[in-house]
Amino acid sequence: MADVRQIVIDIIADIAPDEDVSNLDDVKSLREQLDLDSMDFLDIVMELRKRHKVEVPQEDYPKLATLASCVSYLSPKFATV
Amino acid sequence: MNDTQRIVMTGIGLTAPNGNNLTDFRKALLDCKSGVKHHEIRYMGKQVAGMCDFDEYKYQSKKLRRRGTRAGSVSIYCANEAIQDAKLNWETVDKSMVGVYVGITEHGNVETEEEIFQMHQNGLDWKLWSPHHNPRTVANSPAGEVTLNLNITGPHYTLGSACAGGNVGIIQGVQQLLLGEVDLALAGGISESSQTFGIFAAFAAQGALAQNEDPSKASRPLDKNRNGIAISEGGCMYVLERLSDAKKRGAKIYAEIVGYAINSDATDFVNPNSERQVQCMHKAIKRAGLSVSDIDIVNMHATGTGTGDVNESEAVRSAFESSNKTFVNFTKGHIGHCMGAAGSLELAGNIPSFNDGLVHPGMNCTDLDPQCAIKNLVINEAKNVGNINYILNNSFGMLGINSALIVKKYTV
């Protein structure tokens, strides 16, 4: 089973290479903890699609707000790819 | 002339395949140290090319480098280095009166090729096309990235002018200062062309891509055995100011820009026109109020192509026929063709001549093509000529754009 949490962290580490992603709070908003803007979230969506064939429709972007919400939203999708 | 109408160079920031600052670059030119090496080019394999190894993160975060472009990265490095060199107190500079003028050969090929490559690698999934592609490829991008990096709120232009870009960027900076549009100009040219396979493939298709087992010998302007262009990247940006402002802050002054000209061949897409090149050089000399024999050094555009070198040699011979004291050199033997950066970079390589009295040699011309023979050509070994007061820098490009820029040694 895919470690969705680590997959998301790995993508964020590539998108925001100046940030420390080693101690992220799972329930706190990613934007509160990291210098991420809306374009960065588009990059996260893009990388999910490119690396893991996981599609995130635009209306679901808010579900990527925290690490915990990423895991709960993305896990079923990873289970089917 | 009033000091407010005289424009001077007070800072130089550069990166070339053989040096990341003026001191190292000049030394490499005097020592005939090449920056051209073999590099792997996508689809094509091993090719000769000039790549720069400046620290991309010296003035830029990793995230913004990732979001931006290589062209922006080169521009940001050069602009910051120029500001440091000019010893400007950046915090106190009125950013609304700073203009950024970056000459380029082309822009966007690197980014577009990469998107298409990635799409091909991923089953032609067009939804993988990056949302960054538009801001990366708009034509003002390299200059715009400089304004973002340095919080400059004055105007910024990227000047598409093929391989005349470096001179054209400087000329635009001069004109904007003379118009009073800005008080300080960051001006010059940049290129990241060697990062895109398309330019290699296109020059190969033209039969004009340099090849040599020893890459340091591949770029051979004016040599009988030249076989094309060694494609390179690079950049050189200048801080330009009115002389009155430079004096007020006690700035070190490298040179005064006293003449320039840009014209068009109106004859062919790629083949040059020596008659127009002569007209361009003479127009710049006239604007400077000089005669041809006042020019001490002419830096040729000299790319290492069959036709281009013959045409320009004919033009320089004709333009300087009446001068016995004008020395002629070229720079692309050392660094290859830095495209949009060529004009500003090659000029920078000659500016130290005002202090050391040396004309750096053109490199790799070991068997001079008789059709390229020019009076007082300096090749393979530097020449000490003593006092140097005026340098004319040629830069020409496709679609028949010609530019000539004249700088004068500054004396109080």
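Tutor: Gladly! Let us begin with the domains: the centres of domain 1 of chain B and domain 2 of chain B, taken over C-alpha atoms, are 21 Å apart. This is a predicted model, where local features need pLDDT of at least 70 and side-chain atom pairs pLDDT 80 or more, while totals for chains, interfaces and linings use all residues. Residues are numbered from 1 along each chain as its sequence is written, with chains lettered from A and ligands numbered from 1 in the order written.

Student: Where does each domain of chain B run?

Tutor: Domain 1 covers 7-248 and domain 2 covers 259-408; such bounds come from an automatic or database domain assignment.

Student: How many residues of the two domains of chain B are in contact?

Tutor: In chain B, 59 residues of domain 1 are in contact with 51 residues of domain 2. Being in contact means that their C-beta atoms, placed from the backbone, lie within 7 Å.

Student: What percentage of chain B counts as buried?

Tutor: Of its 412 residues, 56% do. A buried residue has 20 or more other C-beta atoms within 10 Å of its own, all placed from the backbone.

Student: How many residues does each chain bring to the contact between chains?

Tutor: Chain B brings ten residues and chain A eight.

Key. Buried ≥ 20, exposed ≤ 12 C-beta atoms within 10 Å, placed from the backbone.
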